[in-house]
Amino acid sequence: MPELPEVETIRRGLTSLVVGKTVTYVTVRLPRIIRFPSVPEFEERLVGRTIHAIHRRGKYLVFDMEPFTMISHLRMEGQYRVADRDEPLASHTHVIFGMSDGTELRYRDVRQFGTMDALADDEERPSGLVNLGPEPFDPVLTPNVFYTRLHSRSAPIKSVLLDQVCIAGLGNIYVDEALFLSGIHPLTKASRIGQGRCELLLGAIRNVLSRAIEAGGSSVRTYVNGYGRHGGFQMQLNVYARQGQPCFVCGQAIEKIKLGGRGTHFCPHCQARGGRRRNDN
DNA sequence: CATGGGTCCTGAGTGC
DNA sequence: TGCACTCAGGACCCAT
């Protein structure tokens with residue numbers, strides 16, 4: 001489940017691996033991956049283009065292939081790998097970009113949830129990208145701005161943080177981790193969180209994301225970066241997938257509940273409902 | 001408009 | 001051993 005740290009790690013790897021290379025052919029083996037335009041037009045638009053840069057916005061990879069932009073979302077299990085043309089295809093390889101140097105950029109996605117769009121400058125971005133909230137590290141996202149964004153929402157804080165319109169890039173793992181670090185129960189209504197705790201929460205989000213990027217992301221299920229390597233941050237997770245195991249801070253068993261259809265992990269002591277701080281005893 | 005539930009998909013895991 | 005079933009979840013769609 002690539003979230004911001006995983007997508008950023010992939011972006012950095014792919015930047016070294018394919019920026020400056022020119023696409024000589026595109027093969028789409030699973031049409032459903034391509035959202036816009038049609039598959040033939042997608043292929044036609046990108047052949048002959050050079051990958052000038054790869055950016056990230058939220059969990060989207062944005063390939064600058066002037067005069068087109070290729071926008072790729074990995075969803076649950078999308079992976080990019082660079083391989084020599086004559087290497088056998090891994091299973092579930094759905095899109096192949098042939099490169100001028102004899103290599104291929106290959107997109108693999110067991111769950112088939114990922115999407116790609118090839119857009120001209122004047123074409124509308126996918127709605128998910130247009131409506132994306134601020135980047136977690138953007139300086140315009142001050143504690144006060146963050147507080148205002150949360151204060152208008154009555155849903156549980158976990159659901160609001162997963163909403164990419166509120167803040168971009170967070171997924172199930174890092175939301176649970178950030179809420180643990182800030183001592184907030186995931187069911188707490190977003191509007192009930194005061195300014196001080198919002199500032200704490202924003203700090204926790206930035207802290208966990210930056211440490212995860214430094215560790216190359218978390219490999220909880222199937223995530224690998226552009227070099228096929230696993231991340232290391234799963235070793236530092238405090239609550240995610242640790243249900244039944246003792247909290248590293250207080251020793252109580254981590255609980256798992258279902259919230260909005262998502263597995264939600266928290267420490268019932270450090271994240272007590274009603275806002276007790278994690279260091280209170 | 002905000003919210004919550006269903007949907008897509010396949011492989012791993014579980015229980016009988 | 002085999003089979004049916006459940007689970008994993010990001011973004012989108014839709015009903016309320």
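Mentor: What follows looks at the salt bridges and then at the domain interface. The model is a predicted one.

A search of the whole structure finds 13 salt bridges. In general, side chains of opposite charge can pair when their charged atoms come close.

Start with helix α1, which holds both Arg11 and Glu8, three residues apart, or about one turn of the helix. These two form a salt bridge, with their closest N and O atoms 3.0 Å apart. Arg11 and Glu8 are both buried.

Helix α2, residues 39-46, holds another such pair: Arg45 and Glu41 lie four residues apart in it, again about one turn of the helix. Their side chains meet in a salt bridge at 3.4 Å, N to O. Arg45 counts as buried because its relative accessibility is 11%, under the 20% cut-off. Glu41 has a relative accessibility of 35%, so it counts as partly exposed.

Now turn to Arg56 and Glu135, whose salt bridge has its closest N and O atoms 2.9 Å apart. This pair links distant parts of the chain, 79 residues apart: Arg56 is in strand β3 (residues 53-57), while Glu135 is in the loop between α3 (127-130) and α4 (143-151). Glu135 is buried, because its relative accessible area is 14%. Through shared partners, salt bridges join Glu8, Arg11, Arg12, Arg56, Arg57 and Glu135 into one network.

Next comes the domain interface. Chain A is divided into domain 1 (4-129) and domain 2 (143-266), and the C-alpha centres of the two domains lie 28 Å apart. In contact across the interface are 20 residues of domain 1 and 20 residues of domain 2. Domain 1 and domain 2 bury about 1,600 Å² between them, and 60% of that is on carbon and sulfur atoms.

How many salt bridges does the rule find across the interface of domain 1 and domain 2? It finds zero. Across this interface there are three residue pairs in polar contact, both residues being at pLDDT 80 or more. On the side of domain 1 that touches domain 2, the elements giving two or more residues are α1 (4-18) and β6 (79-84). Helix α1 gives the most to that side, with 11 residues. By class, the side of domain 1 that touches domain 2 has seven nonpolar, five polar and eight charged residues.

Notes. Residues are numbered from 1 along each chain as its sequence is written. Chains are lettered from A and ligands numbered from 1 in the order in which they are written. This is a predicted model: local features need pLDDT of at least 70, side-chain atom pairs count only at pLDDT 80 or more; totals for chains, interfaces and linings use all residues. Side-chain values use heavy atoms; hydrogens and water are left out. Domain bounds come from an automatic or database domain assignment. Contact means heavy atoms within 4.5 Å. Buried area is the accessible area (1.4 Å probe) that two parts lose on being put together, summed over both. A salt bridge is a side-chain nitrogen of Lys or Arg within 4 Å of a carboxyl oxygen of Asp or Glu. A polar contact is a pair of N or O atoms within 3.5 Å; within protein, one must be able to donate a hydrogen and the other to accept it, and residues adjacent in sequence count only if both atoms are side-chain atoms. Ala, Val, Leu, Ile, Met, Phe, Trp, Tyr, Cys and Pro count as nonpolar, Asp, Glu, Lys and Arg as charged, and the others, Gly among them, as polar. Buried means under 20% relative accessible area, exposed over 50%, partly exposed in between (1.4 Å probe, protein chains only).
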